[in-house]
Amino acid sequence: MRYEIKGTPFPVVVCQLEPNESMHCQKGAMAWMSPNMGMQTSGNGIGTMFSRAFMGESMFRNTYTAQKTNGEIAFAATVPGCILPVPITPQRPIVAQKRSYLASETSVELSMFFQQRMSAGFFGGEGFIMQKLSGNGMAFLEIDGSIVEYDLEAGRSILVDTGYLAAMEATCKVAIEQVPGLGNKLFGGEGLFNTRITGPGHIWLQTMPMNIIAGAVAGYIPRS
């Protein structure tokens, strides 16, 4: 599989597939494709379907296969931002925010990831359940806004405001810390909690979380 990411701020990843090569994608992600691309929709069992629902994904997943000859298929982002290509290996699984999965090679597995601390789930901004990508192959994630990356050494931490963590290597740990000071909590406008991410591992931060945008836009919508 070869790919090229095009466009901004609504990007698309265009994939070139060999004969009989397949890709999984989130429901509704396909933008265009060559006529020889075959499609199959499946849920892979009740347990898998409910797992996807908890992760914020569709309960059904589409698989596209290039039939007989080379094929082309494009997967488009649904929000302004970036498409992040991530090579997944058995030694390098990735944990990502809910609803970030766009598409992947069929050798990549998508499963639930539970925060190590329940407080991280309830107050960290991404929910108690995130999604884990494992296996061996290329995956594509939707990122809200632009991407900023850090390599955290073992024991090194970074504090991130709610919703700005897009993805991290599974070796990283997540914890929640309260914003210090009563005045800061009440009048600081930054919320009550920050997310602490501790290495070792690589992290991807996003500059425009959709929950922040939704809150800002809501203030301009007239109420009857």
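## A walk from Phe140 to the cysteines

Start by selecting Phe140: at 0% relative accessibility, Phe140 counts as buried (buried means under 20% relative accessible area, exposed over 50%, partly exposed in between, with a 1.4 Å probe and protein chains only). Before you click on, keep in mind that this is a predicted model, where local features need pLDDT of at least 70, side-chain atom pairs count only at pLDDT 80 or more, and totals for chains, interfaces and linings use all residues. Numbering starts from 1 along each chain as its sequence is written, and side-chain values use heavy atoms, with hydrogens and water left out.

**The ring pair.** How are the rings of Tyr3 and Phe140 arranged? Their centres are 5.1 Å apart and the planes sit at 75 degrees, so this is an edge-to-face pair. The rule takes rings of Phe, Tyr and Trp (for Trp, the six-membered ring) as paired if their centres lie within 6.5 Å; planes under 30 degrees apart are stacked, over 60 edge-to-face, and the rest tilted. That rule gives a count of 1 aromatic pair. Colour by strand and you'll see Tyr3 in strand S1 (residues 2-6) and Phe140 in strand S13 (residues 137-144), so the pair links parts of the chain 137 residues apart (strands are DSSP runs of E, at least two residues, numbered from the N terminus). Tyr3 is partly exposed, with a relative accessible area of 36%.

**The open sheet.** Next, show S15, S18 and S17: they make an open sheet of 3 strands in the order S15-S18-S17, with antiparallel pairing. At the edges are S15 (157-160) and S17 (173-178), each pairing on one side only. Two strands pair if DSSP finds at least two bridges between them. Zoom in on S15 and S18 (residues 193-198), where 4 bridges join the antiparallel strands.

**Glu169.** Move to strand S16 (residues 165-169), where you'll find Glu169. Glu169 is buried, at 16% relative accessible area. Leaving aside neighbours within four places in sequence, Glu169 is in contact (heavy atoms within 4.5 Å) with Arg92, Pro93, Ile94, Gly201, His202 and Trp204.

**The cysteines.** Last stop: how many disulfides are there in the whole structure? A search finds 0, a disulfide being a pair of cysteine sulfur atoms within 2.5 Å. Select Cys25: the nearest cysteine sulfur, that of Cys15, is 9.9 Å away. Cys25 is buried, with a relative accessible area of 0%. Cys172 is buried too, at 3%.
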